[in-house]
Amino acid sequence: MDWSNEMKEMFEKVMSMTPETFRESIKPMWKEAAEKTATLRNSGFISKDDLISSLFEITPQAFQPTVVKDLETLGIDTDRYIKISEARKAYTRTWDELSGAFLPGVYHFTIYLTDRCNQNCLHCAAAVMDKRPELPTETWIDIIENLEQSLRKQNRRGCYIWFGGEPTIRKDLKDLIKYCGDKGYYQAVATNGILFNEELAKLCADVKMSHVFISYDSTDPKRAAKIRGYPKAKEAAEKAIEMASKYGLFIIGNATAQKENFDELETLKNYFDSKGVIPYFRPLIKQRSADKNWEEIGLNMDEYRQFYDFKYKHVIEAIRKGEGSTLNKFYTWDMVPFMECPINDKERAAIEWGTGCQACRSISGIDINGDVFPCDYPSELTLGNVLEQGFDEIMETEMFKAIRDRKIKGKCATCHHLELCGGGCRVHAENETGDFLAPFPFCWHKNTHKHENQEN
């Protein structure tokens with residue numbers, strides 16, 4: 001965890017005001033609490049909010065008036081940081097509603113088990129890949145242990161999302177699921193539903209699988225067939241949703257917004273809501289098959305903005321009604337780009353975990369050959385290979401940290417939205433510019449104004 005000189009100085013200044021008899025016991029406790037707070041928002045550095053709010057988290061109620069008095073001599077708005085601490089506690093608890101895998105600090109890996117698929121989607125990265133050799137079961141187990149044990153050194157955990165291609169094509173998928181189940185590791189599966197049968201659904205329930213992603217891009221059978229290159233795509237997904245529901249699995253409906261279904265976003269949301277499925281809308285990313293078919297399916301800048309407005313509306317309206325929850329956090333994930341300013345700290349605490357680019361913060365991908373992608377989307381940039389390196393070693397590389405800490409170039413570098421936006425989608429920027437840290441090319445924002453409507 002990185003500490004700026006400013007934060008180090010503030011830490012030491014406050015510690016010098018602490019009674020000497022308590023100083024040695026409080027110092028490591030506060031340091032750990034500040035770093036945990038930063039981890040909970042998937043940051044690699046300590047902010048002032050992290051530092052001061054965490055102090056109130058570890059201070060017993062009886063001693064808080066003394067701490068308030070000391071901090072006020074330093075010109076610190078203590079009331080604000082007490083409220084931040086309370087808001088973070090309230091919204092962090094909501095992650096327990098459905099699955100521990102969504103506690104902040106859990107790192108999600110998309111595991112590319114295979115290039116093979118039984119559909120042929122217009123937008124899918126796997127569709128243009130040669131069918132590369134697949135790693136055996138034992139090697140994937142070694143990789144999972146590499147990732148998990150690397151994270152455990154940081155008091156974090158992994159969540160392993162079986163992906164492809166179509167992961168259910170692999171005959172050993174059940175063995176991998178059983179292994180992670182026996183170890184108590186968080187895991188999920190992302191499927192188009194064709195092979196998601198009752199046996200697999202029961203196994204997922206038996207091992208207490210965290211969640212199941214089911215791809216569902218249209219409520220219209222003809223549209224779904226066109227998008228997915230499979231005549232019964234809609235029916236297959238709906239059957240999988242019913243099967244997963246039967247076994248009480250936490251289901252996420254994964255819809256990729258593109259020209260073919262762009263007028264259907266509200267309809268899709270209503271369908272997911274009616275089935276008790278958490279909606280997870282992702283914008284089309286211009287890469288591989290999507291790049292090849294961009295003229296037919298790609299979104300323009302205005303459509304990206306409409307997509308963003310659709311997601312933000314459902315998140316913030318719910319939060320302002322007091323309904324901030326895990327469901328709302330799924331709406332914030334993949335807000336690309338994210339150009340709203342929360343009007344108060346309560347709103348910020350409710351949304352800060354999942355907004356903007358999460359590459360090297362809470363998500364990465366492991367390719368079929370062990371290469372590490374910064375994001376869950378495949379990219380030209382790879383950060384290392386987990387067949388040859390520990391993931392903890394990869395996390396210490398200069399590029400990993402630059403992506404994690406959002407060292408984005410160009411207009412993003414000075415934008416007042418960077419902290420939450422993260423510079424938009426990095427894979428999309430890479431595809432357009434060849435540079436993973438280039439500014440997001442589909443950003444409509446003009447960095448020429450200040451926001452006056454924010455409260456403390």
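Biologist: What makes the stretch that holds Arg 288 a helix?

Modeller: Arg 288 lies in α12, residues 288–292, and a helix is a DSSP run of H or I with at least four residues, numbered from the N terminus. This is a predicted model, where local features need pLDDT of at least 70, side-chain atom pairs count only at pLDDT 80 or more, and totals for chains, interfaces and linings use all residues. Residues are numbered from 1 along each chain as its sequence is written, and side-chain values use heavy atoms, leaving out hydrogens and water.

Biologist: Why is Arg 288 called partly exposed?

Modeller: Its relative accessible area is 26%; buried means under 20%, exposed over 50%, and partly exposed in between (1.4 Å probe, protein chains only). So Arg 288 counts as partly exposed.

Biologist: And what makes Lys 208 exposed?

Modeller: Lys 208 has 72% relative accessibility, so it counts as exposed. Lys 208 lies in the loop between α8 (198–206) and β4 (211–215).

Biologist: Which peptide bond is cis?

Modeller: The bond from Gly 164 to Gly 165, with omega near 15 degrees. Most peptide bonds are trans. Gly 165 lies in the loop between β2 (157–163) and α7 (173–183).

Key:
Helix = DSSP H or I, 4+ residues; strand = E, 2+ residues; numbered from the N terminus.
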